[in-house]
Every structure is written in C-alpha cells, then in structure tokens.
Amino acid sequence: MQTRYDLNGLFLLVLLGAATAAEAQVQPELAKRYFEEATKLCERDAGRLWGVSLCGPMVIVDQATGTRATSQPEPEGPPPRFPGFADGPVSWGGLRWFSFPLYMLPEKDADVRQQVMLHGLFHRIQPELGLITENGFNEHLDTLEGRFWIQLEWRALCRAVESSGSDRAVAIADALAFRRERRRRFPGAADNERRDEIREGLASYTGVAAWASSSADAHRAAALAAAGGELQQSFVGNFEAASGPAYGVLLDDLMPGWRRQLRGTSDLGDLLASAIKRPTMTDLAKAAARYDGATLRTAEEARDRAQQVRVAELRRRFVDGPVLTMPAAGSGTSDTTGSVGIPGAGTVFFRNFTLSAQWGRLNANNGVLRSADGTTLSVPVTVPLQGTTLQGDGWSATLNSGWVVRPAARPGSFTIVRQN
C-alpha cells in the first residue's frame, strides 16, 4: 500500500488499506447521503450477485473525534468497540453491522466511496455465503520471484479485461501460466493465496460489480485494480484487491453463474482455466516478453538487493535479538504499508497493528513480527518485563487475568503464557 494522488489510485489506496487520518468529524447529513448511495446500489443489485441482499445496517466512525453516524437508529445499550484504523463487521443490538472509518470514504469521489461501501457490505453477508476463509500467509510475495511472477500475472489480467476474442484468450492463458509458475516455485502458495482471494478478493470484486452500471464500467474498474497492484510497496496482504476484480469480471464474461458454484475451497484461477476451454500451456519466456518482463526483472533485482540489507537488520532485531512472543490468535487490525517479509521467519508490520486476544491486548506502531505460520507475534525488548502492563519501543501490551509474562529460552527474551 502506498499513497497515490490521482483518483484511480485512490480506489486502490482505500481498498488496500492505506490512508492518512481524517481531521474532520462525522457529519450527520453527509453520512446520511453516503448511506443512501450505498443503499440505492445494493437495492439495485437486489441479490443478483450473491442470491441475498447486500443491504444492511452501517455505521461510519471517526476515532479521533469520537463521532459516529448510523444508517438506522442505534440499538439501546452501550455500543461495541469499533475498529479505528480498519473497516469491519460488528455485532450491535443483535444485528450484524458494518463499520467504516471516515477516512476510507472520500467525500470528493463518489465512485470510490460507493465501491468501498459495497466492498464492506459484502463482508457483512460473507459468513452466510460460506465464503469465510482463514488468513493466508503469503510472505513469498515479498521475494524477488514472488513479486516478479505476480506482477506479470496482473499485467496479463489487465490486458485480458481490456481485450476480447483471441487477444483476451491469449492474455488469460498468460496470466494463468504466470500464476502456475509462481506457485510451482513456492510450495503452499496456492492454498495461501486462494484463501486471501476468496476472503478479500471477492469483496473487491463485489465492490466493482455491484457499483458498475455497465459491463464497460466493470471492466474499466477491474483493469485499474490489476494495474494498480504494482504501485504498492508490499504485496503481502494486498495482492487480492488487484487480482480479485479481474478474475471476477472475466468469469462474468466467460462463465455466467460461476458465483453459484463458488465455495470457500475454490480457486479463482482454476475456475477461469475451466472457463476458457483451451490448453493453458504457455512458453513462459515469450509470454513474459509480451509484458516487458526483462525490464520488470531488472527493477525487481535492484529492489531485492536493497531489500536484503533491510531484511538483515530486521532479522537481527526480531529473530536473533531478545523479543517478547505471544499467541497471535484473536482479532485486530494491521496496516501493511511498508511491511517486510523475513524468509523463514514471517512478516514485520510497522503501523497501526492491534490485537485483542484471550491473553490481552497489543498495540504496536514500530514493528511486530507475525510468524510465517501465523501462530505467534513478536516485538523487540530492551529491558526485563514483569507485571500486567508491558511496554517497549513503539509497543504496549496489557495482560488479562490468568496470563503472565515469563522468561523464554533465549537470554533476554520473554513469552506470554497462561498462568498455571
């Protein structure tokens, strides 16, 4: 995720999670207009995409000012905890709402705003569709080869949604060949990528498909999403917003009704391969040349050399040095802007990382390592830790009753465990 300053980039910026904090508080009349826009679009859809209405209760919140607005009267009793940085579903008054931070809804771009809200409303109904998946762990997308092959896939997808006939067929075959080669190089990548494409890629597709008033609009927005993927600093946790709309729009063209056969275990690439009804074998060298692969590889090799210096420094800090390690299970938010993968260890997130877990709560704004298998989080420590309120460089943790911090096997390190 990185900041862009044109309108097309803003769509990607918002969906992929990067933005700056809004200074304005939630204005009731403005929020009412936003709710009406989203409701009109989901009523127009009338269950066309997923067989159920996208419409549902919504809330817009601004943590900085403590203001909010709701699309229907607030339930009695205390409100739930609303995510501050991220959007997400919340339970309130026995209903499933969807919460939007104000900064994600640009006042001056209705198209972006509406797509973001439809994206979120899909997440609200996603559980009843059976399309909720576990997180994918896609650290391979921060490597030279992972980045190279996924960018080629995006370039081919962009060409495919902008083409028709034999040109589209060739571009689809190229995209699937690049996808297959990347997954061949990284065992386990297929399942991890699939999970994120189902969970988040389908939401990005829904934001486009429910918003578009014509097939041409849907194709244009999907092409922008695919092309914009390359503009992000890190692809880990971001790639599905670039891939999902393109695969969905192409499936709409070639396999009408594909959504009815979709399952949480489905792979969008496999569905598209079955839809084109032709062999997907491609000469990779020739295919890469069609998308300026040589220039891309040169750029990625230069980036990789610089990245290795950064990775070495992070490995010293988060892997080899003293750390506090804790269970990663729970709910929270993370901003993947500038995140860095450490091969074999996991990914370091640097901004707006929060976790509410059985053991307590973590807030980190200067680096937290999520292990490669997603089971633990680690933050660096410089002094002995004790008590229930823990602090370090850019992080703080509060322990719940029944949990304690204890020295770990490595000197200077600690771990959070259940009290015996």
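Strands here are DSSP runs of E, at least two residues, and helices are runs of H or I, at least four, numbered from the N terminus.

Before going on, I noted the ground rules. Residues count from 1 along each chain as its sequence is written, and side-chain values use heavy atoms, with hydrogens and water left out. This is a predicted model, where local features need pLDDT of at least 70, side-chain atom pairs count only at pLDDT 80 or more, and totals for chains, interfaces and linings use all residues.

Next I looked up the strands. β3 and β4 (residues 95-101) run antiparallel and are joined by five bridges; two strands pair if DSSP finds at least two bridges between them. I then traced the open sheet of four strands, in the order β2-β1-β4-β3 with mixed pairing. β2 (67-70) and β3 (88-92) are its edge strands, each pairing on one side only.

Then I checked what packs on the sheet. Helix α2 (residues 28-45) touches β1 (58-62) and β2, contact meaning heavy atoms within 4.5 Å. Helix α3 (residues 110-129) also packs on the sheet, touching β1 and β4.

Last, I looked at pLDDT, the predictor's confidence in each residue, from 0 to 100. The chain's mean is 90, and 94% of its residues reach 70 or more. I marked residues 1-22, where pLDDT is below 50. Where pLDDT is low, the predicted coordinates should not be read in detail.

Technical notes: Axes are lines fitted to C-alpha atoms, for helices over the stretch in contact, and angles run from 0 to 180 degrees between N-to-C directions.
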